[in-house]
Amino acid sequence: MSSTQQGRRKLAIHRKDERHLQWGTITVVGFIHAGALLALRPDLYSTSGLVLFVVFYLMTGMLGVTLCYHRLLTHRSFQTYKWMEYFLAFCACQALQSGPISWTALHRIHHKEADDEPDPHSPLVSFLWAHMGWLFVDTPGATTYEEYSRFAKDLARDPVQRFLDRYFFVLYVLTAVIIYAAGELYGGLGLSWLVWGVFLRTVALWHGTWLVNSATHLWGYRNYKTDEDSTNNWWVALVSFGEGWHNNHHADQRSARHGQRWFEVDITYGVIRLLGFLGLAWQIMEPRRSVVAKRIDIMVDSEALRLADARAKAAESILHTQTDPTVPVSVPVMASAAEAYERALSSAQEAKEAVEDALRHAAEALRHRKQEAVEKMDLQVRQMLEGAKDLAMAAVEKAKFAAAEAAEFASQASAFAASAKDRAAESARQAAEQSLLLAQEAADAASRAAEEIAVAFKGISRPVISSAL
Ligand SMILES: [Zn+2]
Ligand SMILES: [Zn+2]
């Protein structure tokens, strides 16, 4: 991993004279570090304590800080239910990294001022300053609630978030007491659980999170030429559940997905997708195409991208007018493998949705058919059935077309992969294979839907509808 910044700039501490020591923070951070040192005592080790460490590290670090404070509250990378947001924010409070409003506000200031003097924690001052030094003094303009809540007005309007912001420390202490008491009841393991499940876990996550502020503005590689010094760093990504792909994140802050290249594993994004699958998250933001096109390993030139966009729009209008699936599909030529892959995926997705539509209509038709004897159907029921049939058939056609389109785009991506440079080839090939698979699935599903519809309408002939209507 090579550093990208030679002759790095230096920053002074912003408004240094106005910063007073935060004795409360210094005491608590010192005390908990001292508590964590007790983990060196072998007699305080227990397997159940280690399990608590892991469970709470995941709960507070991945679900709490990374998924909730950062991607949900600060950047609104996805939507979820209010109760879910509160539960996740509660988990984050257990990380003892300040309350939701304060955390969000400080991080928004970081993005606004990144690696300029007002940045609350730029390592261009010094590594230790960015890592933890800044926590022990005031941040001028964002120290009191009145000051910092101006940067998170959306959260400050919510009474539950205000409560969590005010009492996060109390909630942390209460949980620690409960963990200690539970350990004692479990078998005299109170102190062991406290040391491993609370102190050591808190300290480990602190440093994991702080590395995002320090290391990923110093060491690693860059996918994007952003106007600060953010980097992508695999070992920070590992301990912070994907937050180490920090240069990608600065390039496209709204995206729920920080890891972008095949080796940039982003566990938190996977969890968000899982929540989406379970119906607990929606409007999950993906990296913007116009941003990804500027990635150093892809670098589509902007004119080509503009033309591709225009062609994609034209292709969309074909999609909405095409009705006959036997007509061969012609798709515009994309400017890069990544672009072709993206189009293939979205077409496959469209096909999948159309198939689901078709299946729903077919099921509805079947239900009606059971309710009424076919011979005795009156005109109204027949019309309704015909309507459902038409909708279902249209959906199947759309699915077939979108699937064919996805396959075309996928083959384009594959062709790109074949001719691409080594570093891009592998990921593009994988992408192409994946979209081909999706397209195939969609096409199969479309055929199945068509069969279902045929069954549903067996024996029903088109009614004669009065032309006077
Ligand atoms: Zn940053
Ligand atoms: Zn951020």
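A: Let's start at P287, which is in contact with D252, S255, R257, Q260 and V292 once its neighbours within four places in sequence are left aside. Contact here means that two C-beta atoms, placed from the backbone, lie within 7 Å. This is a predicted model, so local features are given at pLDDT of at least 70 and side-chain atom pairs at pLDDT 80 or more, while totals for chains, interfaces and linings take in all residues. Residue numbers start from 1 along each chain as its sequence is written, with chains lettered from A and ligands numbered from 1 in the order they are written.

Back to that proline. P287 sits in the loop between strand 2 (281-282) and helix 13 (289-292). Helices (H or I, at least four residues) and strands (E, at least two) are DSSP runs, numbered from the N terminus. P287 counts as buried because it has 20 C-beta neighbours inside 10 Å. The cut-offs are 20 or more other C-beta atoms within 10 Å for buried, 12 or fewer for exposed, and anything in between for partly exposed, again with C-beta atoms placed from the backbone. Take R257 from the contact list: P287 and R257 are 30 residues apart in sequence, yet their C-alpha atoms are 6.7 Å apart in space.

Of the contacts with a separation of 6 or more, 74% join residues 24 or more positions apart. The chain has 17 helices and 2 strands, and 43% of its 469 residues are buried.

W23 is another spot to look at. W23 belongs to helix 1 (residues 23-37) and counts as exposed because it has 9 C-beta neighbours inside 10 Å. Its C-alpha is 8.4 Å from that of V137, although W23 and V137 are 114 residues apart in sequence.

Now for the inside. The largest nonpolar core holds 51 residues, and L67, C68, L88, A89, A92, L194 and W196 have the most contacts inside it. Such a core is a set of buried Ala, Val, Leu, Ile, Met, Phe, Trp, Tyr and Cys residues joined through C-beta atoms within 7 Å. Two or more residues come from each of helix 2 (47-74), helix 3 (82-93), helix 4 (100-113), helix 7 (153-156), helix 8 (159-187), helix 9 (190-214) and helix 12 (267-277). Helix 2 supplies the largest share, 12 residues. Not counting residues up to four places away in sequence, L67 touches M62, L72, L88, T268, V271 and I272. A separate core of 34 residues includes A344, L359, A403 and A406.

Axes are lines fitted to C-alpha atoms, for helices over the stretch in contact, and angles run from 0 to 180 degrees between N-to-C directions. M62, T66, L67 and R71 of helix 2 meet I267, T268, V271 and I272 of helix 12. By class, that contact has 5 nonpolar, 2 polar and 1 charged residues. Nonpolar means Ala, Val, Leu, Ile, Met, Phe, Trp, Tyr, Cys and Pro, charged means Asp, Glu, Lys and Arg, and the others, Gly among them, are polar.

Helix 8 is next. Its axis and that of helix 3 come within 9 Å and cross at roughly 35°, and the crossing is right-handed (near helix turned clockwise from the far one by less than a right angle; left-handed if anticlockwise). Y86, A89, F90 and C93 in helix 3 meet V160, Q161, L164, F168, L171 and Y172 in helix 8, which gives 9 nonpolar, 1 polar and no charged residues. The axes of helix 4 and helix 8 come within 6 Å and cross at roughly 90°, so helix 4 is roughly perpendicular to helix 8. There, P100, I101 and S102 in helix 4 meet Q161, L164 and D165 in helix 8.

R76, between helix 2 and strand 1 (79-80), has a positive phi of about 50° without being a glycine. D115, between helix 4 and helix 5 (127-131), has a positive phi of about 60° and is not a glycine either.

Key:
Parallel < 35°, antiparallel > 145°, perpendicular 65-115°, else oblique.
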